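Please examine the sequence and the structure before reading on.

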Amino acid sequence: MNPNLKKTLSIIKHCYNTLDDKKAIDIKVLKLIGKSNITDYFIIATGTSDPHLRALKNALEKNLHELELKNIRVNYAPDSGWVVIDGFDFMVHLFLGEQREFYGLENLWKDAEVVDINQIPPLTP
C-alpha cells in the first residue's frame with residue numbers, strides 16, 4: 001500500500017475513533033478517490049446539538065494537532081448546524097440531523113465506496 005495512503009487511512013481511523021468516543025451518531029467514511037478532485041475521503045457524522053457539534057470539532061482539532069498535522073482548515077459558523085474540517089486528503093463533515101438530511105452528502109456521493117473502518121490498521125508512530 002502507498003505510504004501516503006496508509007497514513008491518510010490511519011488518520012481517518014483516528015478521526016473516526018475520536019468521533020465515536022465523543023458519541024457522534026451514524027459515522028460514515030466514503031472513499032472518493034477517482035470521483036472527486038477536492039479530496040479522497042469524506043468522514044460524515046451527526047451531532048445531537050450545537051454544543052455537541054462544537055465538542056466534536058474541538059476534540060478533532062485537538063487530536064489532529066497532537067498528530068502534528070499541518071494545514072488543517074476548519075469552517076464553522078455558529079448555529080449553522082455544519083462543521084467542515086479539511087485535511088486535504090480527507091474532509092470531515094459534522095452535521096446536526098436536519099442539516100445532514102437536507103444536504104444529503106451520502107446521496108450526492110452515492111457511487112462512493114463506504115469504507116469499513118475495521119479494515120484500516122491503527123495509526124502507528
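Is glutamate 61 buried, partly exposed or exposed, and what is its relative accessible area? Glutamate 61 is partly exposed, with a relative accessible area of 30%. The model under discussion is predicted. In this model, the protein contains 4 helices and 6 strands, and 5 salt bridges are present in the structure.

**Overall fold**

- Along the sequence, the elements follow the pattern α-β-β-α-β-β-β-α-α-β.
- The radius of gyration is 14 Å, close to the 14 Å given by the globule rule for 125 residues, so the protein is as compact as a globular protein of that length.
- The C-alpha trace spans about 40 × 35 × 25 Å along its principal axes.
- Of the contacts with a separation of 6 or more, 61% are between residues 24 or more positions apart.

**Burial and surface**

- Buried residues account for 46% of the 125 residues.
- The accessible surface amounts to about 7500 Å², and carbon and sulfur atoms contribute 50% of that surface.

- The protein carries 15 positive and 17 negative side chains.
- The centres of these two sets lie 4 Å apart.
- Side chains of opposite charge can pair when their charged atoms come close.

- Glutamate 61 and lysine 57 meet through their side chains in a salt bridge, with an N to O distance of 3.0 Å.
- Both residues belong to helix 2 (residues 50-66); because they are 4 residues apart there, about one helical turn separates them.
- Lysine 57 counts as buried at 13% relative accessibility, whereas glutamate 61 is partly exposed.

- Arginine 100 and aspartate 26 form a side-chain salt bridge at 3.5 Å, N to O.
- This pair joins helix 3 (residues 97-103), which holds arginine 100, to strand 1 (residues 25-31), which holds aspartate 26, across 74 residues.
- Arginine 100 is buried at a relative accessible area of 7%, while aspartate 26 is partly exposed at 42%.
- Asp26 and Arg100 also belong to a network of salt bridges that includes Glu106.
- A further salt bridge connects the side chains of lysine 31 and glutamate 113 at 4.0 Å, N to O.
- Here lysine 31 in strand 1 is linked to glutamate 113 in strand 6 (residues 113-114), 82 residues apart.
- Lysine 31 is partly exposed, with a relative accessible area of 29%, and glutamate 113 is partly exposed at 45% relative accessibility.

Conventions
Residues numbered from 1 in each chain as written. Predicted model: local features only at pLDDT ≥ 70, side-chain atom pairs only at ≥ 80, totals over all residues. Heavy atoms only, no water. Helix = DSSP H or I, 4+ residues; strand = E, 2+ residues; numbered from the N terminus. Rg over C-alpha atoms; globule rule 2.2 N^0.38 Å. Buried < 20%, exposed > 50% of the residue type's maximum accessible area, 1.4 Å probe, protein only. Contact = heavy atoms within 4.5 Å. Areas by Shrake-Rupley, 256 points an atom, 1.4 Å probe, with all protein chains shown as cover. Lys, Arg positive; Asp, Glu negative; His and termini not counted. Charge placed at Lys NZ, Arg CZ, Asp CG, Glu CD.
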